[in-house]
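Dear colleague,

Please find below the structure I promised to hand over. My notes on what was found in it follow directly after.

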Amino acid sequence: MLIGSRTKRPKNSKLIKSGAEHRLQIYKVPPKETVTLQEFEEYAVERLKVLKAIENAGIRHIRGSEDYNHLVEKEIKKTKLAKIIRTDYSTDCEEFMIDHISHFILRLAYCRSEDLKRWFLQQELDLFRFRFLKENAEDKQKFLKVNSLDYNPISEDEKQRVLQDLMASAGRNSTTADTNEYFKVPFTEVLDLVRGRKVFLSRGFAYVPKDDMISILITHYRAHLSQQLAMTSRALPQLEEDNRLLPMLSGLSKRYLGQDYSSKKSNVGKITAEMIDSLSKQSFPPCMQNLHQSMKRDHHLKHGGRMQYGLFLKGIGLSLEEALRFWRTEFTKAMDGDKFDKQYSYNIRHNYGKEGKRADYTPYSCNKIIMSNAPGPGDNHGCPFRHTDADLLAQKLRLQGISKDFTDKIMKYTRDGHYQIACKYYFDATHSGVEEPDVNINHPNQYFDESQHFYSGKKE
């Protein structure tokens with residue numbers, strides 16, 4: 001893959017160049033296209049949206065369930081990779097190209113640490129499973145042939161010799177064992193089926209029904225992708241000479257993919273300093289509630305807290321004039337006005353693009369709050385689900401009147417490291433009757449907007 005000016009591609013050139021004879025791939029051949037920097041970033045972001053949708057669906061629902069499939073399909077259709085879940089065989093060049101190139105870009109971005117590799121590998125495997133199971137029987141067979149996965153079914157004689165064992169392992173599907181095709185593979189290739197006692201084992205081999213072939217393919221793809229990620233990681237230092245790509249790749253894993261909250265123009269002038277206290281109780285996410293309460297208590301916030309909270313307030317529509325009035329009113333309860341003007345007003349104007357390089361600073365996303373600049377002693381910024389002691393967090397939830405069921409759910413997802421899902425359940429617990437079960441909280445300002453929509457709807 002080359003980064004540069006883009007030339008017009010002949011029809012079906014992508015199919016020939018990539019070696020992709022089937023729209024479902026295990027990405028063995030690197031792309032050879034030339035793409036612009038803009039396309040490079042765009043393709044990466046679109047695939048990242050797909051993998052985040054896969055992750056969120058897997059957290060909320062059992063993989064392969066109707067709810068899981070519905071949520072994955074709904075979210076992927078919102079991206080520019082929507083065509084990859086089509087059930088008909090397609091020779092659309094653009095579809096192959098974006099799918100192919102975006103996978104390899106994220107390989108570069110996610111090979112830099114073991115945690116990133118593990119996340120990328122799991123989401124890509126789940127995406128492959130989802131796509132393969134949507135294929136019809138003919139296209140599944142074609143995929144196996146294209147990728148030289150020559151798994152042949154056992155003979156009828158061998159099947160009859162072990163038929164009783166196959167029926168016993170089939171459980172509820174025992175009546176179909178006589179007519180089903182079985183594949184004999186080393187048991188190490190289908191450990192998930194062995195773990196679930198879904199296959200008959202004999203002399204180190206597992207007899208896998210045709211419907212469970214996906215387990216064999218997942219094992220094969222896992223080995224291939226793990227090896228490729230390791231190789232890509234070793235080659236990564238060569239990219240250090242290209243200062244165009246490395247910063248972009250480094251930032252992808254922390255990338256926020258939702259709405260831009262750099263300024264809430266529709267609300268500017270409607271939110272005043274006097275409204276912040278009541279809004280904090282009604283519609284602020286826990287991270288911002290914590291910052292607001294800390295400021296009211298101490299009449300001060302350290303730099304990390306001022307940045308996180310100040311940009312959030314800017315994002316909900318607090319104007320520069322109102323922001324200066326809000327901060328000054330609170331801080332001058334512990335210092336004189338001259339000290340505030342000299343030490344703090346500049347930073348507030350800077351956040352609004354009125355000082356320094358006059359950049360329009362964007363409110364922090366959940367990803368940035370969770371993964372960057374962990375709070376130290378005396379700090380109040382950060383994510384309560386990520387940075388608060390578990391016992392203290394559970395105690396705070398109970399003191400806020402959160403029910404035991406919701407507290408247990410919130411703490412489960414917190415312990416599992418799914419902090420944004422925990423925040424979503426906090427939202428559900430504090431907004432009785434919310435009707436958006438599939439909404440994911442990815443940004444504190446999104447939380448605020450969802451809460452305001454909820455209360456506006458109730459008033460109507």
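Throughout this message, a residue is called buried under 20% relative accessible area, exposed over 50%, and partly exposed in between, with a 1.4 Å probe and protein chains only. Please note that this is a predicted model, in which local features need pLDDT of at least 70 and side-chain atom pairs count only at pLDDT 80 or more, while totals for chains, interfaces and linings use all residues. Residues are numbered from 1 along each chain as its sequence is written, and side-chain values use heavy atoms, with hydrogens and water left out.

**Overall figures**

The secondary structure of the protein chain consists of 23 helices and five strands; helices (H or I, at least four residues) and strands (E, at least two) are DSSP runs, numbered from the N terminus. Of the 460 residues in the protein chain, 47% are classed as buried. The accessible surface of the protein chain is about 23,700 Å², and carbon and sulfur atoms account for 49% of that. Accessible areas come from the Shrake-Rupley method with a 1.4 Å probe, and for residues only the protein chains shown count as cover. Taking contact to mean heavy atoms within 4.5 Å, 70% of the contacts in the protein chain between residues at least 6 apart in sequence join residues at least 24 apart.

**Strand β5 and its partners**

Strand β5 covers residues 205–209, and four of its five residues are buried, so the strand is largely enclosed by the rest of the structure. Two strands are taken to pair if DSSP finds at least two bridges between them. Strand β3 (residues 182–186) runs antiparallel to β5 and is joined to it by five bridges; Val185 has Ala206 in β5 as its bridge partner. Strand β4 (residues 200–202) is also antiparallel to β5, with three bridges between them, and Ser202 stands opposite Phe205 in β5.

The hairpin of β4 and β5 has two residues between the strands. Arg203 lies in this loop and has a positive phi of about 55 degrees although it is not a glycine. Most residues other than glycine have a negative phi. Arg203 is exposed, at 82% relative accessible area. A positive phi near 55 degrees also occurs at Ser148, which is found in the loop between α6 (137–146) and α7 (156–161). Ser148 is exposed, with a relative accessible area of 56%.

**A nonpolar surface patch**

Phe187 lies in the loop between β3 and α9 (191–195) and, with a relative accessible area of 35%, is partly exposed. Together with Leu191 and Leu201, Phe187 forms a nonpolar patch on the surface, with about 250 Å² of accessible area together. Patches are made of residues with over 30% relative accessible area and no salt bridge, where like charges are joined within 9 Å and nonpolar side chains (Val, Leu, Ile, Met, Phe, Trp, Tyr) within 5 Å. A salt bridge is a side-chain nitrogen of Lys or Arg within 4 Å of a carboxyl oxygen of Asp or Glu.

**Aromatic pairs**

Rings of Phe, Tyr and Trp (its six-membered ring) pair if their centres lie within 6.5 Å; planes under 30 degrees apart count as stacked, over 60 as edge-to-face and the rest as tilted. By this rule there are 24 aromatic pairs. In one of them, Phe331 and Phe340 have ring centres 6.0 Å apart and planes at 75 degrees, so the pair is edge-to-face. Phe331 is buried at 1% relative accessibility, and Phe340 is buried with a relative accessible area of 1%. Phe331 also pairs with Tyr344: their centres are 5.1 Å apart and their planes at 75 degrees, so this pair is edge-to-face. The pair links distant parts of the chain, 13 residues apart, with Phe331 in helix α15 (residues 320–331) and Tyr344 in the loop between α16 (337–343) and α17 (345–351). One aromatic cluster includes Phe331, Phe340 and Tyr344, as well as Trp327 and Phe448.

**Two further residues**

Glu124 lies in helix α5 (residues 114–134) and is buried, at 1% relative accessibility. Not counting residues up to four places away in sequence, Glu124 touches Tyr27, Arg47, Leu51, His103, Tyr221 and Leu225.

Pro375 is found in the loop between α18 (366–371) and α19 (384–387) and is partly exposed, at 26% relative accessibility. Leaving aside neighbours within four places in sequence, Pro375 is in contact with His381, Gly382 and His387.

Yours sincerely
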